Amino acid sequence: MSTASVVTQTAEQAASQRSVTPLGDDRLWRWLTFSPALALMLVLSVLPLANLFVSSFQDITWSGGASTRSFVGLSHYAALGSDALFHAGIRNTFIFAFCAVAGQMILGLGLAVLCSRVTRGRVIYRAVFILPILIPGIVIGAIWKLLLNYDFGLINQGLALLSIAPHDWLGSSETALLSVIVVDIWHWTPFCFLLFLAGLESLPQDIFEAAKVDGASSWQEFRLITLPLMVPTIVVTFAFRLVLAFKVFDEVYLLTSGGPGTATEVVSFTLYQRFFTEDRIGYGSAISVAVIFIVSLLLVMAISARRRLGSTS
Amino acid sequence: MTGTFRINRRHALAGMGAAALSTSWRPLWAQSVAPITIVINQSPWFESFRRTVEQYEAETGNRVELDVNPFAGSLEKQRNSVRAASGQYDILIMNSGWFTEMYAGGFVTPITDIDPSFQLDPEVYTLGDTVYYNAEKRTVTADGKLMSIPVSPLIPMLYYRGDLYAEAGLQAPKTFAELEENARRFHEPPRRYGIVQRGARGPHTVAYDFYPYLYGHGGGIFRDQSSGDYTVTLNSPEGREALEYYIRLAREAGHPKTAAMDQAEVIQAMVTDNTAHIMMVIAAWSQMDDPNKSAVVDKVEWAPPPSLPGLPTAPGLGHWLAGIAHNVPDDRKRAAVEFLRWFQTKEAQLVTAEAGGIPVHAAVYREPIAEERRYRWMKPLAEALPHAVNIYQFPEASEVIAVLELGLNRAIAGEITAVDALNGMADEIHAIMAKHQYNTGQIERL
């Protein structure tokens, strides 16, 4: 018997042993072993979402300590069209998300490129750059509330040294959203920096060496080699950050509570207001579904953009 | 002559029984009962409540757990607990903004349903009869059942710098015109502002501080809640005058960032000698004379909020009530009643006052303590309390408050005019009341 036939025979025996399980064929066995994980996933993620979706078509009232659910059709979704707070929340969230993420991407990439070229003290630079991401959100709120304070904030005190009048950074409609964006950039740029640095360090070095041999300048190297090769990393980072920025809540809650007026109202804050403060569970669920839809849409757009750009690069 | 004293078995048993009875007799509130848990917010008056609870534990040996939360967090925990099959909290410390939600939802058990013999001390403030609820009429009126005991009779008061007033030979302002004149007089920005007002959006922030201005100008939100007339009157000429006054005061004699001012910042402005007046909930009084926190120790005086000539002062109730949750075991409900029975006594309320709290028992305001310099806020408070206005008598108040918070904040920030804000808020409030099927309507727009 040749070695080949022995191997084939052994494989067939193994296959026949696999299919002869106490529970019948192999496919059933696989489903049975997989089902606990599937059930857990259904219970933990799909069911809550389904419950949220169902609640968005209902009104929930309480009497005698018990709840009553009444079907209201699409009225909550229709009400979204006339909810000025929701509109302000969506508008500001888009402005916030795109401006903050753009700032973080530019700064993060710049810092990563600089850091990747540093040979001495690299660890120290990295530690310093990623510090803001390690600070809890509540502490960031406290830090920036103090910095931006009108009466005794460091920023206004610095302006006073230059004989510039103090400004109400968080209380003025013109600068409140900008201030929150700056805080978010400060907070999340390290996240982009880390991903970009990892991306840069994984790029093939021979291309750069070849470019150097061909006499490429640093700028040419960055524009014609680094940037195209980094496109997949950039798109993934952008998608990650965009989705996270769309969900912003803590910075707004701690710094401005959505004010002044609706200047810093973001959609998560509107949701908090409607669902929790006003206890409008049905309507709050409708806002939640709308937000999930928008975030999913952004994610799909980012993924398709990555595919397109990835194939181009 | 010597006699013999013989004790037979019957005497011995009777004597042991009597001894047992005499040693175990305690007042009703001092009966040993099950431990209870109270959910409460972290407010400026919390420390006084905590010390009062400690006194209760020391006197009775009963145990009380306190679950302390931020304002909005306390409401959310209460909702979660009372909507569960079995509640975590026995006593709910409810704010004026949400107690009707708890009453109307059936989340609070009437105290007299637990113990029919329970009687509210006649000297305890009923604060617009908000301790009662008539389920049939869906309103808080004295013909309803006793649902709660007041914990802190909070209303806003005018805090003013007594030393500056004395130097200038001024009396505490009684009218809005006097307040404005005095605020302008002391307005020397940025060293000191004439007045610092709260304008930030929050769970019940700018709206709460605006009520004394609104009602003091003869305005209001609804025509007559007690009779079930929920016609929205917010955008009346009186409402307009009140809001325009509030904004004018902020712009011409107030802090430049009024629209972003929250409660902590307003208090801070007073204790750092940065303002001559604030209109603030009375609970913050103890911070004024605390040398560790205040640069104006013994310089702050109190007065009822001003009003228009001919109208009474009209501070809005921002009080706290203690109700017993419906979904806790009977022994814990009875234990909660015993705590409330003790808490409403004059003696307990004296402990509260001495610990920096605001007593709910009228007799405390007649005690010698009220004459002490440290408690100089007591008499003005006792003067203002009878005029306090209960702003909301319906369970959907949180929706109306949210409308007011945004509309007032936008007007103060200058995003929209006072007239647009009032008309817009009136439209939204009318829509809310109509949605919940109240007898509502609107007045002529401004």
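What distance separates the centres of domain 1 of chain A and domain 2 of chain A, taken over C-alpha atoms? In this predicted model, in which local features need pLDDT of at least 70, side-chain atom pairs count only at pLDDT 80 or more, and totals for chains, interfaces and linings use all residues, the two centres are separated by 42 Å. Residues are numbered from 1 along each chain as its sequence is written, while chains are lettered from A and ligands numbered from 1 in the order in which they are written. Chain A comprises domain 1 (3–55) and domain 2 (77–312), with bounds taken from an automatic or database domain assignment.

At the interface, 20 residues of chain A are in contact with 24 residues of chain B, contact requiring that the C-beta atoms of two residues, placed from the backbone, lie within 7 Å. On the side of chain B that touches chain A, helix 3 (71–82) and helix 15 (397–413) each supply at least two residues; helices are DSSP runs of H or I with at least four residues, numbered from the N terminus. Helix 15 of chain B gives the most to this side, namely seven residues. The residues on this side of chain B comprise 10 nonpolar, seven polar and seven charged, where Ala, Val, Leu, Ile, Met, Phe, Trp, Tyr, Cys and Pro count as nonpolar, Asp, Glu, Lys and Arg as charged, and the others, Gly among them, as polar.

Within chain B, Y165(B) lies in helix 6 (residues 162–168). Y165(B) counts as buried because it has 21 C-beta neighbours inside 10 Å, the threshold for a buried residue being 20 or more other C-beta atoms within 10 Å of its own, with C-beta atoms placed from the backbone. Residues up to four places away in sequence aside, Y165(B) touches Y160(B) and L170(B).

Technical notes
Buried ≥ 20, exposed ≤ 12 C-beta atoms within 10 Å, placed from the backbone.
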